[in-house]
Amino acid sequence: MKIKQFAVLGTILTFILLCQPFTANAVVDWTKDANNPVYEPGDGQGNWDDGWVERPMVVKEGANSYTMWYMARGSSGTTTFIGRVTSSDGVNWGSGVSVFGPSASGWDSQNVLDGWIIKGASGASPYQMWYAGNDVPDDDEVNLQIGYACSNDGINWVRGHSGVTDPVLEFGSGVSDWDRDCVCGHTVLYDSSATTPYKMWYVGYNDAEDIMGIGYAESQDGVNWTKHGNAVISPGNQGAWDSDEIFAPTVIKEESIYRIWYDGDAGNDVVNKIGYAYSLDGINWRKYDGNPVIMEGDTATDDFDENAAMDSMVLKDGNTYKMWYVGDSNCDPGPCDTAIGYATSQAWQGTDLDIEDIMVASVFTPWGGPSGTTMIMVGCWPYGPGPLDVNELKVEGPGGFSYTFPDSDTMSWMGLPIVGHGEAKDPVPTGTYTFYLKANNGQNDSQTVDLTGTPFSDYLREGGGNLDRDIKVDATIYGNESYISATTPTFRWKPYVGTTGYYYRVRVTDWKNMAYWYVSGWDEGTNTSGGYMSAQPSEGILKSNTPYRWQVEVSDTNVIWAGHNMAQSTRYDFYTGAKSGTADFLNDTYGKAWFRSTRSFRDGDQANFGAFVHKLAPWDIELDSPNQFRVDIGGVTPFYDFNPDNNAFTPDPFPFMYYGGAQGFPVDGTYNFYVYEDGTGNNETANIGFSGVTDVPQVTKDEMR
């Protein structure tokens, strides 16, 4: 059972014929400053930074005061330093000076870089800095570890802590550790509300194992760190925009959400770009589907970032997200020219933030075995900001119940976001539940609902005169796993509990239980005919030659957006077509099967394919070798095995099909699709020839506008 999707869609009473245009999400919709770059190397201050500048780190220190620290190297130098420069607006900067260099000896005696500064952490020095360093001459990319320094003015720094100048975060000690060769490129966040307030995200890699990623560590004091373990963000799939390397994270936290921007590239001299991801705990991240959010500039106009956009640093200033990042240009011949650019994005601009409807329910389901499972289901319609502009959406209730909805709980229903969650909880506490919605422009809303009444102690069992479900088409009665040859059947059931005050409905899902194709209205248990209640979908709702699942629900109210108690039956399977009885299992109308390659920034290189199976329900497809439902290359090499539960797909307007995907660019050849009827040997094959084209362009969001 897919609890999250089930909970979301289980809250829906009927189709809502409303839609709303979403505003652009601020955290991914950036505008580069027309005056870029805003800071360039050298500018006549001397040799120490006239070679290149990278990795800006900006702190806003007053209403009209910004300080930026950055790493730099002179054009004829072999050592990397950390410099400092100030501005009254974040765009026009003064002259930078070197404020932190390598030590006289030891682990950081050759290069210092990636300075990350926090100002005003409770009980700490006014300025705290975490920096990467190494002892390798003329190479600031290997053997890096992270050290600590503090300062009263951001200019004069004291290394170490309590007289100890060792690294505070070392690279892994084991040969197989994912961060064995480097810890660097870090960002540090101080969260005074957290049990462990200092949080660090850092880059690590292991050359021998070909592993790279962004890791996570926590600390009570900013000095003694505990690593989370494995990387929390890894490079993307082969061919994706971030498939080769990811680097230079910058993290902010707003209410319940962590937001991260980071560099990525796809190798093979592909330029760096900047992407976005988000998380509720700082450990489990979801990459934005529209990545990358900052692209390299235009070579035709000699943009300062024409060869790369990287090293982002983001802070939120009022309702404006501000980003400073590094651009590369003039790389042929090298070395590249680097400079620091600036981009902005506004928080959500709307004013209609609202929680339209809320629901809390106790539900007794059959999913937990013979004795069933008691669940709590919570859901709402958040109206106004798009999901990426929501800082927090949560519900709190009696008995300490608290749940913050992640992005994966959000689905679109006719253009509106609907959010829901279900989890096992026995008993479900009665009382007042409060939903909170907060946007990134400071607006917020809350709504409450009371859960009262007596929860059901049993789900809708069959047998012994209880429930007794069936499907009726004309005069024929069908049971479970039936071919009904109809799209407007009558679903029938006998009420399981008392009549007055109890309401029933039917829900029909696709084979994967991911979406509802038909939901009847609530009907009181008194409405029976011959002891049966019934519901019938209209023509055009269910599709022909398609498998579905249906179940019955009972509730103590017919007002779904409220606090209520429910029970559910198990699901029945049925197929809206007739069984072939021969080998006619692949639909000729749509070409029986299809195969294609795709390339995208998000997913990389993939093979996508499907088979239009009809006149054969999933429960009658052979899955055992050697006759499994599969795809081979040239009739010899195994390529992919279908699973009806996982691969079922009910597109519209196409008929039912099974859809699959395999990572990596597919080889040229003939792909053979096989489907067998279980127990009979009846089978059909489709052959698709494929010849791939590898130079398909990857279209960006900006180009699609």
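Reader: In what sense do β16 and strand β17 pair, and over how many bridges?

Author: The sense is antiparallel, over 3 bridges. Two strands pair if DSSP finds at least two bridges between them, so β16 and β17 (residues 285–287) count as paired. Strands here are DSSP runs (E, at least two residues), and helices are H or I runs of at least four, numbered from the N terminus. This is a predicted model: local features need pLDDT of at least 70, side-chain atom pairs count only at pLDDT 80 or more, and totals for chains, interfaces and linings use all residues. Residues are numbered from 1 along each chain as its sequence is written, and side-chain values use heavy atoms, with hydrogens and water left out.

Reader: Which residue in β17 is the bridge partner of S279?

Author: W285 is the partner of S279. The hairpin of β16 and β17 has 5 residues between the strands. In that hairpin, G282 takes a positive phi near 80°.

Reader: What joins strand β15 to β16?

Author: 7 bridges join β15 (residues 257–265) to β16, and the two run antiparallel. D263 stands opposite I274 in β16.

Reader: What makes strand β16 mostly covered?

Author: Of its 7 residues (273–279), 7 are buried. Buried means under 20% relative accessible area, exposed over 50%, partly exposed in between (1.4 Å probe, protein chains only). Both faces of β16 are covered. One side holds K273, G275, A277 and S279; the other holds I274, Y276 and Y278.

Reader: Why is the contact of K394 and E396 called a salt bridge?

Author: The rule asks for a side-chain nitrogen of Lys or Arg within 4 Å of a carboxyl oxygen of Asp or Glu. The N to O value for K394 and E396 is 3.2 Å, so the pair qualifies. By this rule the count comes to 37 salt bridges.

Reader: Which residues are linked with K394 and E396 in a network of salt bridges?

Author: The network also includes E255, E392 and K438.

Reader: How do you know that E677 forms a salt bridge with K579?

Author: Their closest N and O atoms are 2.9 Å apart. That is within the cut-off, so the pair counts. This pair links distant parts of the chain, 98 residues apart. E677 sits in the loop between β46 (669–676) and β47 (683–690), K579 in the loop between β39 (572–575) and β40 (593–600). E677 is buried, because its relative accessible area is 6%. K579 is partly exposed, because its value is 36%.

Reader: What makes K592 and E684 a salt bridge?

Author: The closest N and O atoms of K592 and E684 are 2.9 Å apart, so this pair also meets the rule. The pair links distant parts of the chain: K592 in the loop between β39 and β40, E684 in strand β47, 92 residues apart. E684 is at 12% relative accessibility, so E684 counts as buried.

Reader: How many disulfides does the structure hold?

Author: The structure holds 0 disulfides. A disulfide is a pair of cysteine sulfur atoms within 2.5 Å. Among the cysteines, C150 is buried because its relative accessibility is 18%. C380 is buried too, because its value is 0%.

Reader: Why are β40 and β44 called edge strands?

Author: The open sheet has 4 strands, in the order β40-β41-β45-β44, with antiparallel pairing. β40 and β44 (648–649) each pair on one side only. β44 and β45 (residues 657–663) pair over 2 bridges. The rule asks for at least two, so these strands count as paired. In β45, M657 is the bridge partner of F649.
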